[in-house]
Amino acid sequence: MSFPKIGVLGGGQLGRMLGLAGIPLGAKFVFLDSNPLSPAADVGELILGGYDDTTALDKLIDAVDVVTYEFENVPVATAEYVAARKPVWPPPSVLSVAQDRLKEKEFFQSLGIPTAPFYEVNSLEDLHKAVKEIGSQGVLKTRTMGYDGKGQFRIRSESDVDTAWNEIGGVPLIYEGFVNFKRELSILGVRNQKGEVAFYPLVENVHNEGILRLSVAPAKDVDALVQKVASDYSEKVLNAFGYVGVLAIELFDTEDGLVANEMAPRVHNSGHWTIEGSEISQFENHIRAVCDLPLGSTSMVGYAAMLNVIGDLPKLGDLLEVPNTHVHMYAKSEAPRRKLGHVTVRSPGQEALQECLALVRRILVNR
Ligand code: AMP
């Protein structure tokens with residue numbers, strides 16, 4: 001049997017790691033991206049073009065058996081254009097929900113998944129009403145195209161309303177009540193074409209300036225019930241869409257239980273540790289799912305923690321000297337706030353994990 005050839009919309013680091021996971025299975029990859037220096041170009045053919053370039057899209061469609069995406073802001077029209085000729089997984093229908101924070105929260109609520117209180121905001125007047133209704137502790141966010149903390153304004157009192165509006169107003173917005181969370185978690189689930197599902201253990205994530213810095217797996221002190229609640233939320237979303245592939249849901253862990261923040265219909269930064277930390281990584285399971293293959297075990301292999309390499313390149317040799325450490329660089333050039341790579345520490349014991357993590361952190365901070 002020849003392995004299906006996989007087309008990927010987007011050629012960033014997620015595409016690169018999908019390629020690195022699929023190649024051992026015999027998969028071949030074709031990526032579409034407008035950046036000639038795309039990190040995924042090292043692991044497959046790169047077709048240069050934007051998401052609205054039908055010539056480039058046609059070339060991709062002709063070259064592959066099945067298409068997936070590694071960027072959640074792929075235009076819905078692009079995914080639908082491709083889906084008219086080749087299977088696209090996850091289903092394009094999930095994109096329009098995941099790309100709009102309002103639709104996303106309404107969708108979570110329709111499935112009985114708790115969210116922060118929210119209010120649709122299209123004018124300064126709406127924002128005043130929203131703050132009256134929900135309270136003056138909240139976050140004003142653009143409904144679309146927000147990522148890594150962009151397009152957000154933290155409101156702390158009524159007097160912030162005008163500034164918030166001046167800062168990000170004029171586009172469709174959502175005002176969310178501030179969630180007093182103990183920590184941030186994420187659940188990664190995967191569903192294949194037969195409808196089989198699997199879930200990774202809950203991960204604890206630390207963000208700074210809106211960017212993920214650290215993921216620890218499994219998240220500490222998660223009892224079986226909380227894991228089940230998270231897996232059930234993920235399963236509800238997966239089944240609602242007839243989803244195929246990996247889905248990440250970011251959750252707030254609160255005194256009153258888990259609250260969903262947002263979802264990403266793709267492999268996710270908070271699952272990079274699965275490359276070394278799980279029997280089968282999120283990337284391989286995504287490939288298996290979209291290629292109609294059985295899912296692999298999501299069981300952990302020891303304890304794992306992942307640190308993102310952001311902005312500046314570290315000294316590779318220094319990192320490689322740290323035991324239990326696995327370095328993934330994305331072949332990107334340095335730029336402020338840019339994710340250039342990640343480092344996963346995996347160890348059979350917590351103590352060794354923490355020691356190695358501290359060493360890695362020191363190297364990343366001192367570069
Ligand atoms: P997001 O782009 O929605 O993932 O938001 C980025 C970060 O802002 C989250 O990881 C949280 O740390 C914080 N945040 C977002 N929304 C809320 C909220 N409603 N309440 C408290 N913190 C939030």
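Predicted model: local features only at pLDDT ≥ 70, side-chain atom pairs only at ≥ 80, totals over all residues.
Which residue follows α10 and has a positive phi?

Residues are numbered from 1 along each chain as its sequence is written, and side-chain values use heavy atoms, with hydrogens and water left out.

Let us start with the ligand. Around the ligand there are 15 residues, and those that come nearest are Lys141, Gln152, Val179, Glu184 and Glu262, where a residue is near if one of its heavy atoms lies within 4 Å. By class, this shell has five nonpolar, four polar and six charged residues; here Ala, Val, Leu, Ile, Met, Phe, Trp, Tyr, Cys and Pro count as nonpolar, Asp, Glu, Lys and Arg as charged, and the others, Gly among them, as polar. Four strands, β6 (138-142), β8 (173-177), β13 (245-254) and β14 (257-264), each supply at least two residues of the shell, strands being DSSP runs of E of at least two residues and helices runs of H or I of at least four, numbered from the N terminus.

From Gly177, a backbone N or O atom lies 3.0 Å from a nitrogen atom of the ligand.

Strand β13, which I named for the shell, also holds Thr254. Is Thr254 buried or exposed? Thr254 counts as buried because its relative accessibility is 9%, and buried means under 20% relative accessible area, exposed over 50%, and partly exposed in between, with a 1.4 Å probe and protein chains only. The side chain of Thr254 reaches the backbone nitrogen of Asp256 at 3.0 Å, and the backbone oxygen of Gly257 at 2.7 Å.

That brings me to helix α10, residues 282-290, where nine of the nine residues are buried, so the helix is largely enclosed by the rest of the structure. Among them are Phe283, His286 and Arg288. And now the opening question: α10 is followed by Asp292, whose phi is positive, near 60°.

Key
Polar contact = N/O pair within 3.5 Å; in protein donor to acceptor, adjacent residues only side chain to side chain.
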